[in-house]
Amino acid sequence: MTNSIPEIEGMEVIFIIGSNTKESHPVVANRMIKAHRRGAKIIVADPRRVPMVKFSEVFLKMRPGTDIALLNGMAHIIVKEGLLNGEFVREKTEGFDQWKKSVEEFTPERVEGITGVPKEDIVRAARLYGLSRKAGIFYTMGITQHTCGTDNVRAIANLVMLTGNIGRESTGVNPLRGQNNVQGSSDAACMPNVYPGYQKIDMPGIREKFEEAWGTALPPKPGLTATEMMDAAAEGRIRAMYIMGENPIITDPNMHHTIKALGSLDFLVVQDIFMIDTAELADVVLPAACSFEKDGTFANTERKVQRVRKAVEPPGEARDDMSILLEISKRLGYDMGHDTPEKVFQEYGRLWPAMAGITYRRLDGGGIQWPCPSGTHPGTRFLYKEGFPKGKAPFSSVAYCPPAEVTDEEYPFVLTTGRNLFQYHSGSMTRTVKSIEKHAGEPYVEINPLDAGRLGVRTGEMIKVASRRGEIEIRARLTKRVSEGTVFIPMHYREAAANVITNDALDPVVKIPEFKVCAVKIEAVR
Amino acid sequence: MKDNTVVRVCMGPAGIAAGGKAVLEAFRETLADRNIDAEVKEHCSSHQVGCLGLCARDVLVEIGRNGSKTSYQYVKPDMVGRIVAEHIVGGTPVKEWLVDETFDTFYRKQVKIVLADCGRVDPEDIDSYIAAGGYEPTREVLMTWIPDDVIEEIRMSGIRGRGGAGFPTGLKWELARRSKGDVKYVICNADEGDPGAFMDRAVIEGNPHSVIEGMLIGAFAIGANKGYVYIRAEYPLAVERLKLAIKQAYERRFLGRAIFNTQFSFDIEIRLGAGAFVCGEETALIASIEGERGMPRSKPPFPVNRGLWQRPTVINNVETLANVPYIIRKGWAWYASYGTEKSKGTKVFALTGKIRNQGLIEVPMGITLGEIIHEIGGGIEGNRALKAVQTGGPSGGCIPAGMLDLNVDYESLAKAGSIVGSGGMIVLDEDNCMVNMAKYFIQFTQAESCGKCVPCRVGTKRLLEILTRITEGQGKEGDIERLERLSRGVKTASLCGLGQTAPNPVLSNLRYFREEFETHIRDKKCPAKVCKKLLRYSILEEYCKGCGACMKACPADAISGDKKKPHRINPDRCIRCGACFEACKFKSVARD
Amino acid sequence: MVRINIDGKELQVPAQSTILEAAKNNDIFIPTLCHHPKLTPFGGCRLCLVEVKGFLKPVTACTTTVGEGMEVVTSSPEIEELRRLVLELILSDHPNDCMVCEKTGSCALQELAYMYGVREAEYAGERRNYETRDGNPFIERDLEKCILCGRCVKACDEIQGVEAIDFGYRGFRAKICTSYEEDLDCEFCGQCVAVCPTGALTGKLWKLKGRPGTTKEIDTVCPYCGIGCNITAHVKKNEIVRITSAEDTWNEGWLCVKGRFGYQFVSSPDRLVRPLIRTAPKSGMPSLGRKGIKWGEVFREASWEEALDLIASRIREIKETHGADALAGLSSARCTNEENYVFQKFMRAAVGTNNVDHCARL
């Protein structure tokens, strides 16, 4: 997020695209509702009638995977009607003229044809966002989990630069992170191409810096992403994996492929708090402590570093992840040279300037948003106040291309996946909570009543949902939330796992799988 | 024999209800039988509107002969023969059936302003209203006045809110005019809810255009372009007539855009209340229009500053607004010539209870209570003694019989512990129990409390419980003090007018009839013999003839006895219904 | 800023503040039950009545905005008498079961009754009597303890935007309920529970687990989505018995159903408690929720020493045979910054590969 969450209250226009905010990030939705009560206008773009639509001025119910067309279409209108922020475009961006040509073809008529959204609504949304100079965009996996995920984000960036809606209070672009410390895992460089603080492995001098700090030689070549690891494992190029607190069988696309990959490993270590699905394939399973059982820090979606404190002792012999890793590292002949979370954090701060000013002591007074370069720096509530770090930001032309798998006669429905309010991710935590299981413990597929009628399916009946990769049986939930031709399955339920069906086609740049669109067929189970 | 004899039989709603049709037929038949050439006319029947005459004495018949008029009251068909024979044929009126002297004072003591056109104009025909001078005040105001003139005129007239609180209307308009905001509203409060009060209903049913005109002039004065009439759904005829009137006003372009070709536009919408008494409270009314549950909001902020949808809003009662066109038409000085120094003009009251002439009356402010009771009301029914007059309904209080010299105006009534209120006036005689009376009103306010604030929601409940136990013989030492403390607390601490005035009936009854409460508590007796549980029925053996009438009448099989021998009442079975008391012809049933 | 005088103190306060806010910010106590700083003023409990010079009647401090030169008296015999009466009335319709009430010790009503020493039932009378009839697994509703302050209604509407509940009925029968008393259509965020000043709304999971004051409270961060709401874990006998969030956190005390009621996984009997080493050959297929698998036949329990030694030797072995890039590690977005930092450092510096990633994209 370039803004911080409390800033939402001050926004004039809130544009939510590809985010079921009320269910996936309920407390952010609370702020949006507050803003709405104060007069903010909300635009929602989503293939489903998600709960935030109740508060929206305009609802753009689009076909899954047509985000680029929609965003380019809005940009087209903003350019054509002269709603753009000329000064910002001139001073802070480059490549406008060339890019402008790329959106010419995205006329409201054409965009209506692609997205299925009435052109009047597209115009209304474009005017609302384009006329505001205090607007925030919010998106989540509905934007990124596509083969064109990177381009989707670029199309959003173009819209932001066109209107200059960034770099000010209550004005910016805000991807909402889905997991408690997904920001922190990225910051701390559990990624194949960077060291902590997004310092690129292949940038001159960077590797040397870390080699010196860590006192050992480091591999020069960037590694594999998670999805690439699965392919490599299936092909025998990866022989052993260490999986800490992840359940890829449920969360990765194309489950059968993931199972095959993990099954072909010579050695698999799974370190978790439960006997998760992935652990069932492990050679060694290590019992870990959960976040209530250890000290440390999390970084949330607004870059805020906050203290996690130990509340209870771990059960049995379970240990916190850090001490386990330190032990194995020692056995491998490498002593990391620190033994408490606080000391680790200090080393982290020494190696990444943006984190340098944050200490455990300061965090006792509340979270601090990085960048925070010094002990007296208050942290950064919103980014790009002083402009973009690399000078002028480039417009990039983005062409619309359809999803990797489109419907055909055999697979006539589009499946899109996501979360619901009550369960969380692979369900390893929430599905052990009795109250939640009692209330929302059963898998279901959302299907439009008209489609269901044609298939002769009533609410509560089992139906079979199948793709080219697999099939599941699941209870039908008839709802107008989804349009005709689209079905939705929440990802949480292992007994009817959506990811048996989903497509493992990847975005070429960031290797994110296309969870949000695949073609399926549906039949009643009699 | 051809003289111009005209027989007018009251055929207004009340006349019809009292059997006017049969009386009319009887006159027609009798006159035809006797071959008398006299005209028989329906009276008061023109517009299906209450004529607001002495309907209590229906069927009224007026006989006009040779330029003089004579009226009969309580006429029944079997009286027609004698009237025709003695009066029309014989020329001598039937004295004992003539109206009494108060028939005259009933009209003479009243001043009709807001009710003047009720019954005179056809409420369903805008032309009838226009012919009576209607919409001329609006035309004049819109075309030749500035808003400040209107406010000044209303202010000088001295008219105060007729809904109950008596806030000066001119000042309210001025505050709203001065309040900042480009959007302002005028709301007509027609959610008349006091038990027994129907002034507003009569005005809307009888002369709806006067209300529309009042709103138009008010809107012009404060700078509003939108108005609402919040009217209770239980008034279907009023709603229907108001809708029709608004439609006709739009057709004549008295509503809508560019009224009288001026810059001024004004729209009116009707909103129906759903039966909540509290929605007559202005902030609850606003909440209700906004689509929320009708619960009052704290003041300040006052509606004139932040009312409907947080915009400056004037809320006026029906009667107040209906006065406005007449004030404009005849000038503030004319209006202010009625009333007292601080309470100007007239007020409509719904006179009811143990009084002979029940119905709506319009009187100048400052008239004495005695004039209303005796000269307009015709005195107490039967030969009972006046005990008190309850004014202001559940928000008001009682004025004891000894204070008939009291002037009826805002200040004097307040000083006496009651209020003018929306205009309810209930006359009580010695058969009314003041504890029971207080209980009745508290029961009403408790049931209608919105539940928002503690003093009203729980406080009135506890008041009711204490009053109930007093009337049931369970009153405790200290209950009067408990009532007083609680009443004072509820009055001061409640959020809105409903709670703030709810204890008034208790406090005023305690003020004037404290002994009656004490008798209930200490002696377990109800002097008015109203509180059932305090009554004891017994048969006085020396008078009982053993006729068995009481035994037959008793629904609880509580009476036993052999024929011709004195009967007995079993007190354990007696439900104190009083049926035996009524049934006994020998006054041998004692009640104490 | 405007100048006002409260209880003889000259104060400069922001022009838009209410008397209650102005007093609170200057450490002047005014009692209240229905007011909540994050919700719009209500003015229903009448406890915050104060005298303002020029006003005929006391006004509620929570709804009255300050004005230049305003003179306020927050306490006088008359005002205290009204407050006492209001408390007596509330308590006249309240079950006196503080002995077993979850709210004891953190109950605003209990605290005020204590302050005012209200004990005798001067106005004892009928009490509301409700049957509990809600089947939801999260929120316990005891309407007899409800004082109709309206906070839950406002939280549900103003904060959550759900409008599941509102005032219903009139007079003494007034209560908070769903429209037409239909089934609760609710997100179970528990904001209503958080703002309830009495024991009318509590968490079902909390029941008899430990009241505030008897638990250890630890401030930490929610383990679910990436918003990072600040929470407080209430711990008794090494068990989390309740999660709350304080009003002064950046999330203003608001949480969602998972954050507030989804903590039971911590003490789940299914937690892993000892290292396990595989004994049976791999079947190649996880159970995916099928019951009846005996893990004792697939894995055996091992000591930490044995498990860690085994892991280290296998890593060394595979690294020697296939090279470091034949190894890969997946870290977790649910682990701390420090653990993630150590994990990637472990993979890079100890194992020797950049094959490290986490589930950011999933």
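In chain C, residue C:K236 stands opposite C:E239 of strand β12(C). The model in which this pairing occurs is a predicted one. Strand β11 of chain C, residues 230-236, is joined to β12(C) by five bridges, and the two strands run antiparallel. Both belong to an open sheet of three strands in chain C, with the order β10-β11-β12 and antiparallel pairing. Its edge strands, each pairing on one side only, are β10 (216-221) and β12 (239-244) of chain C. From one strand to the next, the twist of this sheet averages 35°.

With residues up to four places away in sequence not counted, C:E102 touches C:T202, C:W206, C:K207, C:L208, C:K209, C:R211, C:P212 and C:R242. For one of these residues, C:L208, the backbone nitrogen is reached by the side chain of C:E102 at 2.5 Å. The relative accessible area of C:E102 is 9%, so the residue is classed as buried, the cut-off being under 20%.

Chain B contains an open sheet of four strands, ordered β2-β1-β3-β4, in which the pairing is mixed. Strands β2 (39-43) and β4 (68-72) of chain B form the edges, each pairing on one side only. The twist averages 20° from one strand to the next. Helix α2 of chain B, residues 20-33, packs on this sheet and touches β1, β2 and β3 of chain B. The direction of this helix makes about 160° with that of β1(B). Within the sheet, strand β1 (residues 6-10) and strand β3 (residues 61-65) of chain B run antiparallel and are joined by four bridges. B:V6 has B:G64 as its bridge partner in β3(B). A further helix, α3 of chain B (residues 77-89), lies across β1, β3 and β4 of chain B and runs at about 25° to β3(B).

Elsewhere in chain B, helix α8 (residues 169-178) packs with helix α10 (residues 208-222). Their axes are 8 Å apart and the packing angle is about 45°. The helices α8(B) and α10(B) are therefore oblique to each other. On the α8(B) side the contact is made by B:W173, B:A176 and B:R177. The α10(B) side contributes B:G214, B:I217, B:G218, B:F220, B:A221 and B:I222. Sorted by class, the residues in the contact of α8(B) with α10(B) are six nonpolar, two polar and one charged.

Between chains, two pairs touch, and the pair with the most contacts is that of chains A and C. Chain A and chain B are joined by no contact; their closest C-alpha atoms lie 13 Å apart.

Strand pairing extends across the A-C pair. Strand β9 of chain A (residues 240-244) and β15(C) pair in the parallel sense over four bridges. In this pairing A:Y242 stands opposite C:G329 of β15(C). Strand β15(C) is also joined by two bridges to strand β16 of chain C (residues 356-357), and these two strands run parallel. Here the bridge partner of C:G329 is C:V356 of β16(C).

The loop between β15 (327-330) and α9 (337-351) of chain C holds C:R334. Apart from neighbours within four places in sequence, C:R334 is in contact with A:Q179, A:N180, A:G245, A:E246, A:F298, A:Y424, A:H425, A:M429 and C:C359. A polar atom of the C:R334 side chain lies 3.1 Å from the backbone oxygen of A:G245. C:R334 counts as buried because its relative accessibility is 16%, where the cut-off is under 20%. Along the chain, C:R334 and C:M70 are 264 residues apart, and their C-alpha atoms are separated by 54 Å.

Conventions
Residues numbered from 1 in each chain as written. Chains lettered and ligands numbered in written order. Predicted model: local features only at pLDDT ≥ 70, side-chain atom pairs only at ≥ 80, totals over all residues. Heavy atoms only, no water. Pairing = 2+ DSSP bridges. Axes fitted to C-alpha atoms, helices over the stretch in contact; angles between N-to-C directions. Contact = heavy atoms within 4.5 Å. Buried < 20%, exposed > 50% of the residue type's maximum accessible area, 1.4 Å probe, protein only. Polar contact = N/O pair within 3.5 Å; in protein donor to acceptor, adjacent residues only side chain to side chain. Parallel < 35°, antiparallel > 145°, perpendicular 65-115°, else oblique. Nonpolar A, V, L, I, M, F, W, Y, C, P; charged D, E, K, R; others polar.
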